[in-house]
Amino acid sequence: MDGGWRLRSLSPKSLMKTDALAPGQTIGILGGGQLGRMLAMSAARLGLRTHVFEPGAVPPAGEVAGVTTTADYCDREALAAFAGSVDVVTYEFENVPAEALDLIEARVPIRPNRRALAVSQDRLREKRFLNGIGLATAPFHPVDSASPNAASILKQAMEAVGLPAILKTRRLGYDGKGQVRIEDTDCSADFLASMAGAEAILEGFVDFEREVSVIAARSVDGRIACFEPGENVHRDGILRTTRVPAQVGPGTRERAFEIAAAILNALDYCGVIGVELFDTADGLVVNEFAPRVHNSGHWTEAGAIIDQFEQHVRAVAGWPLADPIRHSDVEMNNLVGEDVADVPAIAREDGVRLHLYGKSETRAGRKMGHVTRVLGPATSP
Ligand code: AMP
């Protein structure tokens, strides 16, 4: 058995006593996708109720949550009723408008806090925050693609970060959307057009050996617990595979834990976080963090005695975190689009945990489920 990493780091500011939710109390979840669905299942296992708020019809989380509100994030009446019916609010979707959060926060705590959300929503602010606490990122330069001087700003940015580089929208990007790789300076006008006037950031291309992520949690009273780092493979910007343990040395593993802890403490964070890292010849470089449960943490369902969803529920409910002991080596594969056609064959395999999200429509690039294969008892990385 491989014990998870525990840093008993207690920041005095966050040591005030808070009341924990009792079984029967309710967690509000903003966003009704598969992450919300898995959170609702974990909450139910701990005797906690859930209320999902989601603008879209037929949300995957709606099938398992106790109550679902279908309303827009601008619907103040619906938001007030939602906030009035729950004891704490968390989210599985980061791009909830600030006005909606203001309204909720006036009535009930939001965990993780607003600052964590605001920092992660904006790639420029996120990189400045990370550098500000001493963590390495890709070199970057802001690019205001709507500016009349956009072409010269982009040229300046290319000179600053070097080529190849990736032009990304500052906000609302996910699964590689809103990104374009730039190899040479010739066609910069096309790249600017592809940003459609959105504020952007140019990132230097990081020459990494592997991509690694850490799923970590911080409790209301500042205790931290980290799951073993996983090694990730992306295709077309979408996560395909997470293998645990990542093939990294003990120094890199320890550094990954320190990085996650530094981010959690700096944000006075409560809940689970997913920190994506590039493993390079010069050490770990932070790509980004997600202030929520993370796709690269789905392996915890089959590889550890507690999964990331229960850990998040415990944290936001003010409960103690569990020691995230890993018992198995595992590989998680996302079932994307037509991959679901393999489900009957996967279901016949041994040592496999299958998770489908109940989405009725299969579309190219849509995450339909995931499968985690147990490779054997936990070995050291
Ligand atoms: P992101 O949406 O920023 O997480 O990017 C999706 C994927 O694109 C990452 O997981 C990497 O595989 C790749 N990528 C993003 N930014 C960079 C970068 N600056 N250098 C190298 N690869 C990157």
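Into which domains is the protein divided? It comprises domain 1 (19–108), domain 2 (139–204) and domain 3 (210–377), with bounds that come from an automatic or database domain assignment. The model is predicted: local features need pLDDT of at least 70 and side-chain atom pairs count only at pLDDT 80 or more, while totals for chains, interfaces and linings use all residues. Residues are numbered from 1 along each chain as its sequence is written, and side-chain values use heavy atoms, with hydrogens and water left out.

Consider next the pairing of domain 1 with domain 3. Their C-alpha centres are 22 Å apart. Contact, meaning heavy atoms within 4.5 Å, links 22 residues of domain 1 with 23 residues of domain 3. Between them, the two domains bury about 2000 Å², of which 67% is on carbon and sulfur atoms; buried area here is the accessible area (1.4 Å probe) that two parts lose on being put together, summed over both. On the domain 1 side, the residues that lose the most area to domain 3 are Q34, M38 and L46, which together account for 27% of what that side buries.

The ligand has a shell of 17 surrounding residues, with K168, Q179, V206, E211 and E288 the closest; a residue belongs to this shell if one of its heavy atoms lies within 4 Å of the ligand. Domain 2 and domain 3 each contribute at least three residues to the shell. In terms of secondary structure, β7 (165–169), β9 (199–204), β14 (271–280) and β15 (283–290) each supply at least two shell residues. Strands (E, at least two residues) and helices (H or I, at least four) are DSSP runs, numbered from the N terminus.

Some backbone details remain. The peptide bond from R111 to P112 is cis, with omega near -5°, and P112 lies in the loop between α3 (98–105) and α4 (114–121). L163 and P164 are also joined by a cis peptide bond, with omega about 0°; P164 is in the loop between α6 (150–161) and β7. V58, a residue other than glycine, has a positive phi near 50° and is found in the loop between β3 (49–54) and β4 (67–70).
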